[in-house]
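Here's a quick tour of a protein chain for anyone just getting started. Have a look at the fold, then read on.

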Amino acid sequence: MTYTETDLIGTIEERTAEHIGALSRAQLDDIDQFHAGGTAAVDRLLPSLRLGPGMTALDVGSGLGGPARQVARSTGCSVLGVDITPSYVETAAALTRAVGPADRVEFHCTDVSGLDRSDFEAAYTIHVQMNVADKGAFFAAIAARLKPGARLAVFEVCRAGRGDPDLPLPWSIDGTDSFLATPDELRGCIEASGFETVEWADETGWALEWFHQVGARMTQGGPATLPTLLTGGVTRVLNFAGGMNTGILTVHRGSFTRR
Ligand SMILES: C[S@@+](CC[C@H](N)C(=O)[O-])C[C@H]1O[C@@H](n2cnc3c(N)ncnc32)[C@H](O)[C@@H]1O
């Protein structure tokens, strides 16, 4: 079990000494994006999703909701986030009630296969499939909830194929819930699940540069950042960056069209 934190709102308010509704955008950006690259990574996914007002996107593994709120704010679309960790869904909903846009962003605690809809115009998943053993079923379930022609964007961690990363990692404390694929395996699995590739890019260098820029703030007790709020979070992030630095882990960004 990795995602075990409860009362994250209480932890955030204690560490920032602010009510969540009073947090600045910069403070929130440090806290509610649970992936390499923060808000800049979400910005890199946005063009391929081709979203606009009146459209609805599905965020699979929505975490604390930072990406969903950002996508809704940036494009004017609505976003439904699904996640299987109840306390993260509660935190995402509470943050959205406090900072918005609450009329266009909502969260359900469910696996994507439990979602009774097939009308989404786009979907994205950010740093989630590392926790999923049956990736074929995962991406097929996403495909089934999209309209034909809809876009899927992924920003995901892979193993390069040589060696294993040190534990703990952001997505796995003890390794029992980590199921890393190589980039070729992941892309092949997504294509076999009903998608055609539009773009497939190795973002490892970009993600490492981002870690170098924010790393000092994480380790030097600066403002509250997500790793400082999670169990063993700083070590987990350092191991993630170390895995990329030594060529064991990659971060890949993909854009796909649902057939
Ligand atoms: C590393 S966090 C990323 C959260 C979010 N995508 C972000 O980038 O801020 C991984 C998230 O995936 C969720 N998750 C893991 N397996 C899942 C599954 N099968 N379906 C939905 N969510 C899942 C976890 O509960 C956790 O919130």
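What kind of unit do S1, helix H4 and S2 make? S1, helix H4 (residues 66–75) and S2 make a right-handed β-α-β unit. Right-handed here means that, with the strands pointing away from you, the path from the first strand over the helix to the second runs clockwise. Helices (H or I, at least four residues) and strands (E, at least two) are DSSP runs, numbered from the N terminus.

Before going further, keep in mind that this is a predicted model, where local features need pLDDT of at least 70, side-chain atom pairs count only at pLDDT 80 or more, and totals for chains, interfaces and linings use all residues. Residues are numbered from 1 along each chain as its sequence is written, and side-chain values use heavy atoms, with hydrogens and water left out.

**Confidence**

- The chain has a mean pLDDT (the predictor's confidence in each residue, from 0 to 100) of 96, and 98% of its residues reach 70 or more.
- Among the chain's elements, S1 has the highest mean pLDDT, 99, while helix H8 (residues 204–219) has the lowest, 87.

**The strands around S2**

- Strand S1 (residues 56–60) runs parallel to S2, and 5 bridges join them. Two strands count as paired if DSSP finds at least two bridges between them.
- Threonine 56 has serine 78 as its bridge partner in S2.
- S2 also pairs with strand S3 (residues 105–109), again in the parallel sense and over 5 bridges.
- Aspartate 83 has cysteine 109 as its bridge partner in S3.
- To get from S2 to S3, the chain crosses through helix H5 (residues 86–99), and this β-α-β crossover is right-handed.
- Strand S2 (residues 78–83) is mostly covered, with 5 of its 6 residues buried. Buried means under 20% relative accessible area, exposed means over 50%, and partly exposed is in between (1.4 Å probe, protein chains only).

**A closer look at H4**

- H4 is mostly covered too: 8 of its 10 residues are buried.
- Those buried residues include Gly66, Pro67, Val71 and Thr75.
- The buried residues of H4 pack against helix H3 (38–49), S1, S2, H5, S3 and strand S4 (120–126). Contact here means heavy atoms within 4.5 Å.
- Just after H4 comes glycine 76, which takes a positive phi of about 80°.

**Nonpolar cores**

- In soluble globular proteins, nonpolar side chains tend to be buried together.
- The largest nonpolar core has 39 residues, and Tyr124, Phe240 and Leu249 touch the most other members. A nonpolar core is a set of buried Ala, Val, Leu, Ile, Met, Phe, Trp, Tyr and Cys residues joined through side-chain atoms within 4.5 Å.
- Another core lies apart from it and has 27 residues, among them Val82, Phe138, Ala181 and Phe256.
- Leaving out residues up to four places away in sequence, leucine 249 touches a list of residues that includes Val157, Trp171, Phe240 and Met244.

**Cysteines**

- How many disulfides does a search of the whole structure find? The search finds 0 disulfides (pairs of cysteine sulfur atoms within 2.5 Å).
- Take cysteine 158: the closest cysteine sulfur, in cysteine 189, is 11 Å from its own sulfur, so that's too far for a bond.
- Cysteine 158 counts as buried because its relative accessibility is 0%.
- Cysteine 77 is also at 0% relative accessibility, so cysteine 77 counts as buried.

- Most residues other than glycine have a negative phi, and most peptide bonds are trans.
- Glycine 100 and proline 101 are linked by a cis peptide bond with omega near -5°; proline 101 sits in the loop between H5 and S3.
- Leucine 167 and proline 168 are also joined by a cis peptide bond, with omega about 0°.
- Aspartate 7 isn't a glycine, yet has a positive phi of about 50°. Aspartate 7 is exposed, with a relative accessible area of 54%.
- Arginine 50, in the loop between H3 and S1, has a positive phi near 55°. Arginine 50 is partly exposed, with a relative accessible area of 49%.
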